[in-house]
Amino acid sequence: MSYQVGLDKIQEAVISSHFMHELAGDPRLELYDEDRFVAKTLHIDAEAVHDRLIPALREACDVFSGHRAAAARSRARDNYQDYGLADPRQVGTAQVITEVMFDRQYRAEPLRSCSRELLCGTVAERVEAGSPIEMVIPALPFKFSSPLKTRGRLPDLAELNFLLGLNEIVSTVEQIYRAARPDLQGPLARFTVVSDGSRYNKLVNEPDSVVERYWNRLGVWVERLRLDEHITILDYRSLLRDSMPAGDRRRKSAIAAGARTEYGRVLWSVFDPNDMVSAMTMAARVEPDPEYANAEGRFVSLLKSLIYTIKYDSLTMFDPLPADARHALYRDLTAHIFEPYVAIPPDELAGVRIDARAGLAPTDRVKERLRQMMLRESWACAIDYMAEIKSDRELAEDPILTCLPGHLRWTIHAKAGQLALSTPIAAGIRVQAWAGAAVFKLTRRKDVKLCTLPVLALEGAGAIPVRVRGVDDALALAGQPLFYIYPDVTFADMDDFLAVVRRSLVRRRTN
């Protein structure tokens, strides 16, 4: 299947935090207060990170990519008919490389989004020319600010894990290609990450400085991991400014403006903060781009995700409060976001005085005003977000491929003509690196896997935060944990934990 213009009306997600609403509504889950966080924290020396932990991760990745290369050769022969071949003996390097892109360890379902034969044609052109297999994915925007998701804004081991996952795909392709063409010099496969934080940050009230710090730190990690020959990180806004034709940029802006007007006209008419159940039901009925396989609809799913993504202007007055007080208020408000605290006539709402001084517990009337302010921000953000998504999806060609022609296009969310990246699952949910914190957790087979979970799920389960001692520029996380250890991982001390990781770490995304 090739790229199709417009959002898929059956199924095409546009954001990845749908799990948060259920988690936030679970009263059994609580964040650590500051004293509890300090008491639970373990420390790992920066030297141990660089000399033991990262080498263990790299070694597991190398072993895994070798296994996937061998598996691709076998699967390509099994699937020879999907490549338009009459006999499995006709399978060549291009088919085997293409099979890597369909490996369930690397690529998420559904298979209907791409054709082996079409993709193989692109790969074959590169192989015949002796050119590298170039791949691209928009990802790694910035670490989300919600205290229920993260305890800091810089890349942690979750982002490192994401980069290593991309490198596994590169390494698998490279092994196959190199075996067939040992005469070629230089990298034979590369991944470009288009960091799209600059595309979305203003929509969710994040300053450019947060995006820039995150992006710069990712670059440090790429160098420290010695991935710079195979992974490049580009900024979304800079890429489009420098490489997208001016006419396409104007069309993109016009599409966004039209969509913003259309969505605003339709969806503000059904917005009712006093009856959000009805408002969301109506939104699913009237939204301009329905998603029929999703009972809630595309807009409402997006709204529920953005509730836990936005940095609320409504709450900035509470920034001077201690972190524990801010987090408790945020937890209370987001868990209650669709249900009024108390009935307040609309003409009285603006008159409810908000006092953000420390030690003053907000009344239900104050929390109700804050709740409605947050809902308005979220509803407006969802409208703007949909307009931005449509500005890409309604162009004749994917703008990233316009800027980077010849690349194989990967994506976080499955869509026609693009390869959906598989995300490791933990505690029954798949969480992107930027929407949570890294955690080492046991699999059902009692191996250890590195994955990502929101901080609320981690601390609610009693996970151990691990901070770095003796930091350098790559690990200076200003009190943010580098990773967590889930309670199901048994170890005596940090030295023993590193031995457990070295012995038991697996890289499989699915069983």
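1. A salt bridge here is a side-chain nitrogen of Lys or Arg within 4 Å of a carboxyl oxygen of Asp or Glu. The model is predicted. Which of the two partners is exposed, and which is buried? Arg353 is exposed, at a relative accessible area of 63%, whereas Asp355 is buried, at 18%. The value for Asp355 falls in the buried class because that class covers anything under 20%.

2. How many salt bridges does the structure hold? The count is 40. As background, side chains of opposite charge can pair when their charged atoms come close.

3. One of the pairs is Arg365 with Glu348, whose side chains meet in a salt bridge at 3.9 Å, N to O. Arg365 belongs to helix α15 (residues 364-393) and Glu348 to helix α14 (residues 346-349), so this pair ties together parts that are 17 residues apart in sequence.

4. Lys367 counts as buried, with 12% relative accessibility. Asp364 is partly exposed, with a relative accessible area of 40%.

5. Some salt bridges join into a network. Its members are Arg68, Arg75, Asp82, Glu99, Asp103 and Arg116.

6. Where does negative charge gather in a patch? Asp33, Glu34, Asp35 and Asp324 form such a patch on the surface. Asp324 is located in helix α13 (residues 323-335). Its relative accessible area is 34%, so Asp324 is classed as partly exposed. That value also passes the patch criterion, because patches are made of residues with over 30% relative accessible area and no salt bridge.

7. Turning to the backbone, most residues other than glycine have a negative phi. Leu140 is not a glycine, yet its phi is positive, at about 50°. Leu140 is placed in the loop between β2 (133-139) and α6 (157-180). The residue is buried, with a relative accessible area of 0%.

8. Asn205 also has a positive phi, near 70°, and is likewise a residue other than glycine. Asn205 lies in the loop between α7 (197-200) and α8 (208-224). With a relative accessible area of 27%, Asn205 is partly exposed. A colleague checking backbone geometry has both entries here: Leu140 at about 50° and Asn205 near 70°.

9. Ser115 sits in the loop between α4 (93-101) and α5 (116-129). Which backbone nitrogens does the side chain of Ser115 reach? A polar atom of that side chain lies 3.3 Å from the backbone nitrogen of Glu117. The side chain of Ser115 also reaches the backbone nitrogen of Leu118, at 3.1 Å.

10. Gln432 is found in the loop between β8 (429-430) and β9 (437-442). Is Gln432 buried or exposed? Gln432 is buried, with a relative accessible area of 6%. The side chain of Gln432 makes a polar contact of 3.1 Å with the side chain of Thr423.

11. Two C-alpha distances complete the notes. Arg77, in helix α3 (residues 46-78), is partly exposed at 44% relative accessibility. Arg77 and Asp87 are 10 residues apart in sequence, and their C-alpha atoms are 8.6 Å apart in space.

12. Gly417 is located in the loop between β5 (408-411) and β6 (419-420). Gly417 counts as partly exposed, at 28% relative accessibility. The C-alpha atom of Gly417 is separated by 26 Å from that of Leu303, and the two residues are 114 residues apart along the chain.

Notes. Residues are numbered from 1 along each chain as its sequence is written. This is a predicted model: local features need pLDDT of at least 70, side-chain atom pairs count only at pLDDT 80 or more; totals for chains, interfaces and linings use all residues. Side-chain values use heavy atoms; hydrogens and water are left out. Helices (H or I, at least four residues) and strands (E, at least two) are DSSP runs, numbered from the N terminus. Buried means under 20% relative accessible area, exposed over 50%, partly exposed in between (1.4 Å probe, protein chains only). A polar contact is a pair of N or O atoms within 3.5 Å; within protein, one must be able to donate a hydrogen and the other to accept it, and residues adjacent in sequence count only if both atoms are side-chain atoms. Patches are made of residues with over 30% relative accessible area and no salt bridge: like charges are joined within 9 Å, nonpolar side chains (Val, Leu, Ile, Met, Phe, Trp, Tyr) within 5 Å. Accessible areas come from the Shrake-Rupley method with a 1.4 Å probe; for residues, only the protein chains shown count as cover. Lys and Arg count as positive and Asp and Glu as negative; His and the chain ends are not counted. The place of a charge is taken as NZ of Lys, CZ of Arg, CG of Asp or CD of Glu.
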